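Open the model in your viewer and keep the selection tool at hand. Each stop below says what to select and what is there.

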Amino acid sequence: MGEKTFRFLVEGGKVTAGPPLGPALGPLGLNVLAVAEEANKLTKEFMGMRVPIEIKVDTDTKKFEVKVGTPSTSALLASAAGVQKGSGTAGKDYAGDLKMSDIVRIAETKRVELRSKTLKAAVKEILGSCVSMGIKVEGKDPKEVVKMVDQGKYDELLGEAE
């Protein structure tokens, strides 16, 4: 039989042997509880967020490997801001306010998936998500913060001193 790969979207740190893992992995004779425990260990930092995972299974040896993706940018932003979701009327109402250091941390987390060549570009991409979600950054409209990034105001924080 060989190797099979399964992809699931799970809640970080709260994976169980039930659906979606159980029905997919159980028929292979896998210890689904062991898979769930491993998934929880690897996703606990994303508690309360939906996170993509990939499980590779060797159907002969029953060995498995769990790989964790990163939650969506909006999930990371909402979690950092302590809100359930963005503002329904972004631009008028704001759902939350983040520190620039939060934006940088999220940009670093998502960097591998973003097309940005530099951390500065990645930060601007994350700020773009703040615009559409209605999340302020350090009390300012994220569009204003993008201009400040362009002007080099955060270069020190980004480790991109001129």
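Select K62 to begin. K62 sits in the loop between β2 (50–58) and β3 (64–68). This is a predicted model. Look at the backbone of K62: phi is near 65 degrees, a positive value in a residue other than glycine. Is K62 buried, partly exposed or exposed? Its relative accessibility is 36%, so K62 counts as partly exposed.

Move on to E138. E138 lies in the loop between β5 (135–137) and α6. Here too the residue is not a glycine and phi is positive, near 50 degrees. E138 has 37% relative accessibility, and therefore counts as partly exposed.

One more loop is worth a stop. Select P19 and P20. The peptide bond from P19 to P20 is cis, with omega near 0 degrees. P20 belongs to the loop between β1 (3–11) and α1 (21–25).

**Rings**

Show the side chains of F6 and F8. How far apart are the ring centres of F6 and F8? The count of aromatic pairs comes to 1. In that pair, the ring centres of F6 and F8 are 6.3 Å apart. Their planes stand at 5 degrees, so the pair is stacked. A stacked pair needs planes under 30 degrees apart. Now check the surface around each ring. F6 counts as buried, at 17% relative accessibility. F8 is buried as well, with a relative accessible area of 11%.

**A helix residue and its contacts**

Select N40, in helix α2 (residues 32–43). N40 has a relative accessible area of 19% and is buried. The cut-off for buried is under 20%. Which residues does N40 touch, beyond its neighbours within four places in sequence? Display G13, K14 and V15: these are in contact with N40.

Jump to T73, in helix α3 (residues 73–81). T73 counts as buried, at 14% relative accessibility. Set aside the neighbours within four places in sequence, and T73 is in contact with K110, I126 and S129.

Now select the whole of α3 together with α4. These two helices pack at an angle of about 150 degrees, and their axes are 11 Å apart. α3 and α4 are therefore roughly antiparallel to each other. Angles over 145 degrees count that way. The crossing of α3 and α4 is right-handed. Show the side chains at the contact. From α3 come T73, L76, L77 and A80; from α4 come I103, R105, I106, T109 and K110. Colour this contact of α3 with α4 by class, and you get 5 nonpolar, 2 polar and 2 charged residues.

**From α4 to α5**

α4 and α5 cross in a right-handed way. On the α4 side, select M100, I103, V104, I106, A107, E108 and K110. On the α5 side, select L119, A122, V123, I126, L127 and C130. The contact of α4 with α5 holds 11 nonpolar residues, no polar ones and 2 charged ones.

**From α5 to α6**

Which hand does the crossing of α5 with α6 have? α5 passes α6 in a left-handed crossing. Select K120, V123, K124, L127, C130 and V131 in α5. They meet P142, K143, V145, V146, V149 and D150 in α6. By class, the contact of α5 with α6 has 8 nonpolar, no polar and 4 charged residues.

Terms used: Residues are numbered from 1 along each chain as its sequence is written. This is a predicted model: local features need pLDDT of at least 70, side-chain atom pairs count only at pLDDT 80 or more; totals for chains, interfaces and linings use all residues. Side-chain values use heavy atoms; hydrogens and water are left out. A crossing is left-handed if the near helix is turned anticlockwise from the far one by less than a right angle, and right-handed if clockwise. Helices (H or I, at least four residues) and strands (E, at least two) are DSSP runs, numbered from the N terminus. Contact means heavy atoms within 4.5 Å. Ala, Val, Leu, Ile, Met, Phe, Trp, Tyr, Cys and Pro count as nonpolar, Asp, Glu, Lys and Arg as charged, and the others, Gly among them, as polar. Buried means under 20% relative accessible area, exposed over 50%, partly exposed in between (1.4 Å probe, protein chains only). Rings of Phe, Tyr and Trp (its six-membered ring) pair if their centres lie within 6.5 Å; planes under 30 degrees apart count as stacked, over 60 as edge-to-face and the rest as tilted. Axes are lines fitted to C-alpha atoms, for helices over the stretch in contact, and angles run from 0 to 180 degrees between N-to-C directions. Angles under 35 degrees count as roughly parallel, over 145 as roughly antiparallel, 65 to 115 as roughly perpendicular and the rest as oblique.
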